[in-house]
Structures are given as structure tokens and as C-alpha cells.
Amino acid sequence: MRRLAAVARREFLERVRSKAFLFGTILGPILLGALMLVPGLVMSKQRGKALRIAVLDSAGSLKADLEQALVRQKDDADARFVLRPGAATRETLEAEVREGRLDGYVHLPSATLQQSVAEYYGQNVSNVLDLRLIDRAVEETLIARRLSGAGVEPGRIQELLKPLELKTIRITKRGAREDRRGTFLLSVTLMMMLYTTVLMWGQAVLSGVIEEKGSRVVEVIVSSIPTSQLFAGKLLGVGGAGLTQLLVWTLSLALLGFYAAGAGTTAGLDLPEISPLLLGSFVVFFLLGYFLYAAMYAAIGAAVNTIQEAQNLVFPVLTPLVVGVMFFPAVIQSPDSRLSTALSLIPPLTPLLMFLRISVVAPPAWQIALSILLTLATIAGVVWVASRIYRVGILMYGKRPTFPEILRWVRHS
Amino acid sequence: MRISDVSKAYAGLVAVRELSLGVARGSVFGLLGPNGAGKTTTLRMVMGIIGPDSGVIEVLGRPAGGSARDRIGYMPEERGLYPRMLLEEQLLFLAELKGTPRPEAARRLPAWLERLGLSGWGRRKVNELSKGMQQKAQFIASVLHEPEVLILDEPMSGLDPVGANLMRDVLLELSRRGKTLILSSHQMETVERLCDSIALINRGVKLLDGSVADVKRRHGRNSVVLAFEGDGAFLGSLPGVRRISDSGRYVEIQLTEGTDPQGLLREAAARLRVSRFELVEPSLHDIFIERVTGDADGASA
């Protein structure tokens, strides 16, 4: 036990003392913060310049009203549309749009008032948010005209047309709080961090094993202690370094959450709730993911002689992790669907997808417990197989073993 | 240490075949053989790094690879240290793996660094050390936990003459303190100076073993060193001459059993100017060459 600790201690210190570790640990939270805040800031500011548009009225009497309605449309207190006044034909407007002097124009057909139809011509027709504003302006104009036709006095019309503002409020166990895109961003960011850290520390185990094998230190070591102790010590030591890094991050997240609960919202920043459950599962699912994948990485490292050789074997091992990431939009959209539940209970996917579910809406406790148990059982199996491959492979030099050969190691060692 | 009827094969290739050896406590034992004879495989099995396919290995009265291995020091043929780790850290770590508490190892370390001329290098990374220094560092790694048995695979390779002398002195010192030394080598001079007993193996099979004196006696006292001026080509065709090895300034002549060296002296004196004539034991070097080439001839015949 003391020797296992010595191995783990060496691995831990070796990693923690490196510059890369310091760099990654400090940079991580900064990146995290940037990832969470910047998209939100960019989202709200990116629409930037107001659109230059014109109105082409075939109905005859709506142009002035619509132009006023368009000018009224605001985004965060800024007008979204600059109207190009004056009459024009369809041909000249189209030419102007093509030449870029105009962003687009709204065409009101002659039957607009009767059939509630209008057309928007523009170079860019995928700016959904702007189109929604145009839609609203046309609608206001039409309704106002109909109301006044029905005898409603002009003064009341504006009042009746007051647009709706839909706020989204997220309800959690700890209370309700306004939430725009924060939760989504936080969930995705944290999941991506889990993904990269599991990969990164797994890779660290891989290159550590290859270095040991390549420099032949391993022969001295296995003449002193059983390979199982070397294997376990290595996984624990490197994992300890990873955990340290993650705890630093978790702590900064917790501080961020503390800040968000207080000043953040009033300062206009879009910060989601960071719950203890979220922080706890971040650590737990990192550990599960790490041990699952690092054990496989260690076995691969033992079976090969160089990093290059390892790449071919790494690919099949990583496939589940990559697949897990690909499913994240579906899981985030409906975290309680049957698909999400099933996927999050598949052990190689659990570390990412169960965590993602927890970050969106806490799933039933039994599902969390079941997923952890299943993953632990899988880890036990993987470690058993991997340690056998490791034991044989670590002293094998020369040609890279074939897959059947590796299977033979597992059976016979 | 006792090895009984041990065999080991790799993917159908026999590395060691029904090998039996015994090494007495406190002695210095040399395991000799040409490259690929199975020396390293044998030592690895003794260390419990790999298991034999059949047979039994006991070290210090216990099965190989078990609890005895803390009392054994091992320097593998392929030297290996963590390249980017500080020398000091590394040696303490390796001693810790042998069950020596860190403070204890740290207390012993300076004396060993000093003894092997590595003082002041403890805080350097291993990859900053020269090859000879790494070799000495590897040696310290094998003795820092104060083992009773020391197994050294090619201890002299990679050392310059000064380093080799130093190493030999240190080994003799350890032997005098009662440690059992087991070394593999094909540097016969080293073996001859250090070892009490030897075994010669070739292609996984033991060719001979016993004390150095015994082995020499068995290979006859009938060896003559002859230095002369003139054309000595006829010497090989004289009756009773089994083998001649030419060392340039002199030749070593092995006579068949029962041949009287005096006859050879008379013949030589009659036809050459003899400046030296000496009855000698055959060197291990000659025995090695003779047995190994003889073995190869026997096998190919």
C-alpha cells in the first residue's frame, strides 16, 4: 500500500509541478467564463447596425403607417430599421438591394388589408429576429387600420396594440429566476469541459505509460512491485492531478455562482444558477469518466511502443465519447425523454450525458444512482481487462500486437 | 539462489531450456554467455519480472517475485530511468518501491552519490547526465535499499576504464561486506577478477558451471604461453597441440591431455628464438570461446 502510494505520489507531483498544469488550471476558469459570457454579450450586440429598408405599397394607403410602425420597432432601446423615404418602383428597389445600398424592402400587395399578406425582399432572409420585428410592424399597421375602420378612436388604438413581452423564468427547487440563454450555455460549457478533461487526463496516462515503457524504467519498477500496483498507482496519481485541477475550477465556478446570485443579475449579466448538485456532479462524473477512459488508455499505452501506434487503438475507444457529445442537442432539448434517459444510462456515455441532464433539469434520483452504479460496474470490468493487457504489454517490445494477440493476453495473464 | 529445471519460451522460441543453477550466499557469481544466450531472460525470471514456463526458482529461500524481492537489487541490461525526473527524486522513489522509507533512503543517498562521483548531480534531471553517469545512477538505484543480493546485468557496459575500475572496486567492497553478487557479462576479464563461480550458457542451455578454479582445472592445466621471434606457423601441426590462440606478441597453446609441455618447449627452442615460456591456466576467455564455438559446431553438425 505504501508503494502504491509512492507511485501515485510520483505521478501526482510530476503532473502538478509541470507548467502545462499551472497554465491549464488558471486558464480553464478564464476560458469557462469567456465561453459563458461572451456568447451572451455577442448575441445581444451582434445585430448591430440597423437595417436600411424601404416600403413598396401596392395597396395604396398603408405606406406612411407602416414606415412609422417600423421606426417604432426597437431592440434594447435602439431602432432596428432606418427607412429610406420616397417613392420607388420595384425595379429600382431590387437594384438597390442587389448593389447593397439597401438591405431589403417590404412589399404590401393590393390585397394586403383583406388577406393579411405581405412580402419581404432582402439579401439576407435568415435574420429571424429582424424578420419577426417586421412581421410585428406590418401586423400592427394592418390591425390599426382595421380598428380605425371599425370605428375605434385613434387615441385608443396604440394602447390596444401594445406589444407583448414574453419573459422566460426557470423554475428550480431553489426558486424561480429569470433565465435567458445562460442555462443552456452553462450546461454545454460544463459538458465540453468534462469531455476535454477526461480526454486530456486519459491522454496523460497514455503518454506516461509509453514514456515508462520507452525509457525502460518499467523493468526496474516491476522488479520491485507487482504491475497491478504500478497500474493502480498511476491511475490514482494522474487522476489526483486531474481532480485537483477540476476542484480549482469547481471552486471558481462556485464563486461565480455566488456572484451571480448577488450582483450579477442586477448588473445585467446573464448568469444562470450554479447549484451544489451541479458542482458535485461535475466532480463525480469527471472521476467516473476519467477512470473509465484512463484505464483503457493505460492498456493501450502498454500495448504499443509509440504515440503514433497508439492513435489507431485510441480511435475505437473514444468513439463512445464522441457519440455522446453528438447527442447533446437532443438531450438538452428534452432531458427527460426516453431517448435521453436511455442514453444517459449507457455507461460510456453516462459521464457526459447524465451530467448534461442534471445540469438542465435534475432527473429522478434513482436514475442518477443507477447510472453511477452501472458506470462503476463497467469501470471494474474495464480495469480488470486493462490491467491484464497492461501486465503483459508493459514488458513487450517490438512489433505492435494484433487485436487477437491482445485478447490472448487478457485470457492468459 | 537456486534455479531448478527452468524453461522459458517466447512465441515458440526457446530462450532457456531446463536450466539449473545454484549460487551460494555471499559469493560472487558470473553468468556468462554470448548475446542471446538467455542470460537476461534468466535474470528477469529470478527477479520475478517474468515467470518461467516450468521449473522452480528460489531466491533467499523464497519463490522468485515474492517477498524476497525487497532484499534484491537489480540493474537491468536495458538501463531505464525517468528522463525528466530529478536524479535525487528518482533514486528515492525507486528505493521507496523497495520498501525503504524515504527519510532513510535520503540519509544514505549522499554517500552513494559521493562514492560514484555523482555528488552535485542530485538536483539535475536524468537526461542531463552523460551515459556513464546514468549507468552509475542506475547502479545506485539497485543498491540504495541495501539488498542482500545484487543482480547486475552487464554492469560494466557503457563505462569508460576509469568508471569500470570504480565499479569493480565498489562491487568488491560489497562482496567483502557479505553481499551476494550475481552478474552477467561477456567481459571475461571482469568476471575472472570478480567471480568465485560461474556458469556458461549458450542458446538457453548450460554448458558448464562451477567455481572459477574448478572450471579452469577441468579445462586442463595444459596451456602454455609462448613468446618468440620467427615463423611459428608449424606450431599448430605439432603432436599434442589442441588449439592455438594468437595474441599478437605471444601465442597461447592448449595441449591435449597427457601431452608433456617439455616436448613442445624442445621443438620450439630448436626452431624459434623463445623469449618466454610459461605454463598457465586457460583463461575464461579461451574456455568461453572454445565451448561456445564447439557448441555451435556440434549443433550445426
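Author: The questions below take up the two chains, then the contact between them.

Author: Please keep in mind throughout that this is a predicted model.

Reader: What makes a residue of chain B count as buried, and what percentage of the 301 residues is buried?

Author: A residue is called buried if 20 or more other C-beta atoms lie within 10 Å of its own, and 40% of the 301 residues in chain B are buried. The C-alpha trace of chain B spans about 70 × 45 × 35 Å along its principal axes, and chain B holds nine helices and 14 strands.

Reader: How do you know what part of the contacts in chain B joins residues 24 or more positions apart?

Author: Two residues are in contact if their C-beta atoms lie within 7 Å; of the contacts in chain B with a separation of 6 or more, 68% are between residues 24 or more positions apart.

Reader: Why are domain 1 and domain 2 of chain A given the bounds they have?

Author: The bounds come from an automatic or database domain assignment, and for chain A that assignment gives 2–42 + 180–412 as domain 1 and 48–166 as domain 2. Taken over C-alpha atoms, the centres of domain 1 of chain A and domain 2 of chain A are 53 Å apart.

Reader: What makes up the contact between chain A and chain B?

Author: Chain A contributes 15 residues and chain B contributes 19 residues. On the side of chain A that touches chain B, helix H1 (2–16) and helix H9 (217–222) of chain A are the elements giving two or more residues, and H9(A) supplies the largest share, six residues. By class, that side of chain A has eight nonpolar, three polar and four charged residues.

Key:
Residues are numbered from 1 along each chain as its sequence is written. Chains are lettered from A and ligands numbered from 1 in the order in which they are written. This is a predicted model: local features need pLDDT of at least 70, side-chain atom pairs count only at pLDDT 80 or more; totals for chains, interfaces and linings use all residues. Helices (H or I, at least four residues) and strands (E, at least two) are DSSP runs, numbered from the N terminus. A residue is buried if 20 or more other C-beta atoms lie within 10 Å of its own, exposed if 12 or fewer, and partly exposed in between; C-beta atoms are placed from the backbone. Ala, Val, Leu, Ile, Met, Phe, Trp, Tyr, Cys and Pro count as nonpolar, Asp, Glu, Lys and Arg as charged, and the others, Gly among them, as polar.
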